[in-house]
Amino acid sequence: MPLVRHRTASRLAAGLALSPALLVLVVVYLGCTAWTVWISLTSSRMLPNSTFVGLRQYASLMGNERWQVSVANLAVFGSLFLIASLALGFLLAVAIDQRVRAENTLRSIFLYPYSMSFIVTGLVWQWLLNPSFGIEKMVRDFGFPSFRFDWIVRQDMVIYTLVFAAVWHAAGLVMAIMLAGLRGIDEDIWKATRIDGLPAWRVYLSIVIPMLGASFATAAVLLATSVVRLYDLSVAMTNGGPGVASEVPAKFVMDHLFERGNLGLATAAATSMLITVAAVVAPWLVWQSRRTRRAHA
Amino acid sequence: MKLKPCLTALALACAAGASFQANAQEMKAEVIHWWTSGGESAAVKVFAEQFAKAGGTWVDTAIAGGVNARTAAINRVVGGTPPTAMQFNTGKQFDELVENDLLRDVDQVATEQKWKSFMPQAIIDATSRNGKMYAVPVNIHGQNWLWLSKAALEKAGASEPANWDEALVALEKLKAAGLIPLAFSGQKTWERGLFNAVLVGKGGTALWASIHGKRDPAAARSPEFKAVAETYGKLRGYIDPGAPGRNWNDATNLVIQGKAGMQIMGDWAKGEFAAAGQIAGKEFGCAILSNEGGYVMGGDVFAFPKLKDPAQQKAQLALAKVMLEPETQIRFAQKKGSIPVRLDLDVSSLDACAQKAVKLLADKKHQVASQEMLSPPALTGAMEDVISQYWNTPAMTADAFMAKVADVLKQPF
């Protein structure tokens with residue numbers, strides 16, 4: 001009996017301690033989300049109003065060429081950025097794991113870009129890639145007058161320059177996570193593979209990578225969040241240009257919320273982003289909870 | 001080290017607080033604006049000084065960036081703590097505030113000072129809703145100026161153009177001379193700015209009114225509009241590869257250094273020339289490219305939220321009055337690079353380009369309302385997207401562009 005009472009009391013205490021967080025979650029997070037969804041169903045322009053127009057904002061959103069380009073850009077950027085950052089980060093970690101000298105210095109250098117904001121990263125890469133005084137100019141001055149590297153001003157290539165900058169920014173972080181994972185692998189495994197005479201690449205591919213599953217998942221989740229909220233890099237580097245070639249959904253939302261005074265369209269875009277993320281995350285959550293349940297069973 | 005100025009500021013603040021309590025009827029005006037650059041803050045100081053002379057206290061709330069300042073102001077109005085006055089661009093930005101009955105009109109001062117007798121009609125129209133004026137226009141900015149480097153033109157053996165056909169000839173000569181013919185800043189706003197300069201210069205004021213004013217999709221399919229689209233498209237051949245993403249003032253600097261022949265930019269570019277010690281008519285020239293004239297007028301206004309405090313209400317009226325006094329207007333224009341919104345003043349103390357502008361505007365047919373005055377921000381933005389796409393996609397035909405413009409004009413903004 002006393003044990004039960006004790007448990008109830010501690011539950012109550014825990015509940016009390018958590019209630020402010022719960023309140024914030026419900027009011028701020030869910031409340032604002034619900035409000036956003038509601039506004040997207042109205043004809044709101046600069047100020048919110050409550051004239052219900054059904055899915056009209058969504059219809060004009062889907063017909064909006066800039067939105068279509070933004071979504072396509074996010075898909076290209078997201079997949080390339082994830083793959084490239086994970087691959088490069090892993091390779092860097094493997095390289096550093098070879099007991100190189102000056103390991104700490106190298107690690108700091110690789111991790112350094114991550115300490116900068118996307119705005120700074122964007123500006124640096126904007127200068128580097130600018131054809132009239134960046135890499136192109138430098139190589140030409142070295143005596144290769146026909147060298148061409150003007151991706152940032154070409155509509156068909158500009159999105160890849162965003163990938164460059166973002167990978168440069170994030171690869172160090174992936175490296176740090178992977179390195180921690182690599183250090184956690186038992187030395188005995190390496191000894192065993194050496195006795196078996198396996199080549200190092202084979203060990204990494206067949207044994208180490210599968211063992212690093214958790215590290216990969218952590219890194220991928222972190223990277224994925226920066227894909228969805230991609231905004232500042234595009235603003236700082238290209239401001240969505242040339243034309244609308246490097247526009248991204250978050251920038252579409254911000255521009256229409258503030259500069260263009262079009263709350264209805266902006267919130268419709270924001271809601272579409274939410275639905276997309278939910279559509280990706282929901283199956284994963286279901287799968288996770290099933291797995292946990294199976295583990296408990 | 002930093003403590004001393006802090007203490008001084010604190011003491012001043014206390015003194016101000018004390019004097020405020022001593023005189024509850026004192027006129028105190030908190031003004032939200034986005035004039036933060038050197039010339040701009042010097043200009044806004046003129047308002048503050050003149051207001052102080054009239055017995056008021058100017059409380060400066062400067063927020064960098066027009067969008068940020070407007071958002072902050074609107075949020076405060078909606079949130080119930082409005083400022084005394086807030087800046088907007090002359091045009092549609094404050095439409096919804098009027099519709100929702102959040103702004104007070106300034107008709108009383110307007111009638112008293114006879115604003116309608118000396119302001120261009122387009123400016124009056126842009127600040128009036130339902131026959132009442134809801135904001136104080138304080139200046140006129142010309143948006144479609146051509147700035148040229150006399151040295152560069154001389155080097156290329158080109159003459160100063162008066163219209164777009166002559167400009168194309170001059171651009172070709174500049175190109176042949178190995179200079180950057182057209183200094184350009186490849187950002188959406190300026191791509192639209194250049195397009196608008198071609199639209200009013202090549203297409204004429206009537207076409208301007210049917211596109212931006214009446215939003216007539218048929219006008220976008222007319223042969224006149226096609227000529228505009230083609231001329232605009234040709235200009236792509238006269239910019240340098242570094243143009244995309246460049247800031248407008250960096251482009252102006254190319255003209256100042258004589259590396260580029262000309263630039264289309266609003267009269268705020270004058271500040272850059274002045275900072276480099278160049279004088280209008282001597283080192284650089286200014287012109288409005290057009291067959292029939294057409295000065296695209298933008299500008300700034302101050303709007304007044306509805307307030308309950310009578311002292312604040314009094315301050316609002318006093319501010320409105322002070323801002324349009326002849327002395328304020330001239331001194332402000334000198335600092336800002338714009339021209340006075342009053343066309344009845346002696347402007348001999350302004351620079352040559354400003355005098356040119358005032359002379360042009362004396363004739364009503366040259367007074368053209370800017371795109372921002374005629375269309376809401378959402379439509380302006382959608383047009384900007386289309387113009388930017390056309391400019392950056394040389395493969396896009398003029399006809400495809402015209403169809404897209406017509407589509408945008410059909411949308412319900």
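## A bridge within the sheet of chain B

In this predicted model, Ile32(B) has Met86(B) in β3(B) as its bridge partner. The two strands concerned, β1 (residues 27–33) and β3 (residues 85–89) of chain B, run in the parallel sense and pair over 2 bridges.

Helix α2 of chain B, which spans residues 38–53, packs on the sheet and touches β1, β2 and β13 (300–303) of chain B; the direction of the helix makes about 160° with that of β2(B).

## The sheet as a whole

The strands of chain B in the order β2-β1-β3-β13-β6 form an open sheet of 5 strands, in which the pairing is mixed. At its edges lie β2 (56–62) and β6 (135–137) of chain B, each of which pairs on one side only, and from one strand to the next the twist averages 30°.

## Helix α13 of chain B

Helix α13 of chain B covers residues 248–256, and its buried residues are Trp248(B), Ala251(B), Thr252(B), Leu254(B), Val255(B) and Ile256(B). The cover over these residues includes the strands β8 (145–149), β9 (180–182) and β10 (260–265), together with the helices α10 (188–203) and α14 (270–275), of chain B. Just after α13(B), Gly258(B) adopts a positive phi of about 80°.

## Annotated spans of chain A

For chain A, an unreviewed UniProt entry carries the annotation "transmembrane region" for residues 12–38, 71–96, 108–128, 157–182, 203–228 and 263–287. Residues 71–96 of chain A are 100% helix and 0% strand in the model, with end C-alpha atoms 37 Å apart, while residues 157–182 of chain A are 96% helix and 0% strand, with end C-alpha atoms 35 Å apart.

Definitions and conventions: Residues are numbered from 1 along each chain as its sequence is written. Chains are lettered from A and ligands numbered from 1 in the order in which they are written. This is a predicted model: local features need pLDDT of at least 70, side-chain atom pairs count only at pLDDT 80 or more; totals for chains, interfaces and linings use all residues. Side-chain values use heavy atoms; hydrogens and water are left out. UniProt positions are given in the numbering used here, feature names are shortened, and annotations may be inferred rather than shown by experiment. Helices (H or I, at least four residues) and strands (E, at least two) are DSSP runs, numbered from the N terminus. Two strands pair if DSSP finds at least two bridges between them. Axes are lines fitted to C-alpha atoms, for helices over the stretch in contact, and angles run from 0 to 180 degrees between N-to-C directions. Contact means heavy atoms within 4.5 Å. Buried means under 20% relative accessible area, exposed over 50%, partly exposed in between (1.4 Å probe, protein chains only).
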